[in-house]
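I am going through this model and noting what I look up as I go.

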Amino acid sequence: MTFSSKSKTENKKGFSLVELVIGTAVFLVIVLAVYNSYVGFFSVVHASRAKIEVISLINERLEIVRNLPYSSVGVVSGIPSGVLVHSQNITRDTYQYTVLTTVRNFDDPFDGTLGGTPNDLSPADSKIVEIEVNCTSCKNFVPMVITTKVSPKNLETASTNGALFVRVFDANGD
């Protein structure tokens, strides 16, 4: 019978249980980090797609408002009355959106107010249109709101007066 005189370190041909557990734990940490990055990337892509679609919806609604006659800019059964629908549910690209349209008359105080000094004979100078879009099927989505003014042609036709704005500067820039 012959015994080998090799040391214990030379007979070692595999991993110990501790090395195996530590290696598995490091591998799991790396795999979880890659998976979380993958999921995070796609959630950012989905949020970006939803925001792009919301901007497209708002732009579409604004173009509809801009192409309406001034007398039609308003909400059905609202004040001011018009042809726009106050609330709509729209599905685009698998996302559910709620579009709210609000229209209000606006009296610019620059040319006077109704019953004030000076008395404004055309108090409904313009209309303010507010469009709010909310994504009901998106996670952590903040509603987007856009407001614009719509003015009629020949705004102050009730009087024969016009408006002329002049800005004058002297040699000193005053």
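I looked up the exposure of cysteine 135 first: its relative accessibility is 3%, so I put it down as buried, the cut-off being under 20%. I note here that the model is a predicted one. Cysteine 135 sits in strand S3.

Next I asked which residues cysteine 135 is in contact with, leaving aside its neighbours within four places in sequence. I found Tyr95, Gln96, Tyr97 and Phe141. For tyrosine 97 I also looked up the C-alpha to C-alpha distance to cysteine 135, which is 4.4 Å, while the two are 38 residues apart in sequence.

**The second largest pocket**

Two of those contacts of cysteine 135, Tyr95 and Phe141, turned up again when I listed the lining of the second largest pocket. I noted a volume of about 290 Å³ for this pocket. Its lining also includes Ser43, His46, Ala47, Ala50 and Lys51, and Ser137, Cys138, Lys139 and Asn140 are in the list as well.

Which element gives the most to this lining? It is H2, with five residues. I then sorted the lining by class and got five nonpolar, four polar and two charged residues.

**Backbone entries**

I turned to the backbone with one rule in mind. Most residues other than glycine have a negative phi, and most peptide bonds are trans.

Asparagine 140, already listed in the pocket lining, has a positive phi, near 50°. I placed asparagine 140 in the loop between strand S3 (126-135) and strand S4 (144-150). Is asparagine 140 buried or exposed? I have it as exposed, because its relative accessible area is 80% and the cut-off is over 50%.

Aspartate 93 is another entry with a positive phi in a residue other than glycine, here near 55°. Aspartate 93 lies in the loop between S1 and strand S2 (95-106). With a relative accessible area of 37%, aspartate 93 goes down as partly exposed.

My last entry is a peptide bond. I looked up the bond that joins isoleucine 79 and proline 80 and found it cis, with omega about 0°. Proline 80 belongs to the loop between helix H2 (17-66) and strand S1 (87-92).

Definitions and conventions:
Residues numbered from 1 in each chain as written. Predicted model: local features only at pLDDT ≥ 70, side-chain atom pairs only at ≥ 80, totals over all residues. Heavy atoms only, no water. Helix = DSSP H or I, 4+ residues; strand = E, 2+ residues; numbered from the N terminus. Buried < 20%, exposed > 50% of the residue type's maximum accessible area, 1.4 Å probe, protein only. 1 Å grid on protein atoms, 1.4 Å probe; cavity = no way out; pocket = protein on both sides within 12 Å on 5 of 7 lines; lining within 4 Å. Points joined across faces, edges and corners; volume = space filled by probe spheres on them. Nonpolar A, V, L, I, M, F, W, Y, C, P; charged D, E, K, R; others polar. Contact = heavy atoms within 4.5 Å.
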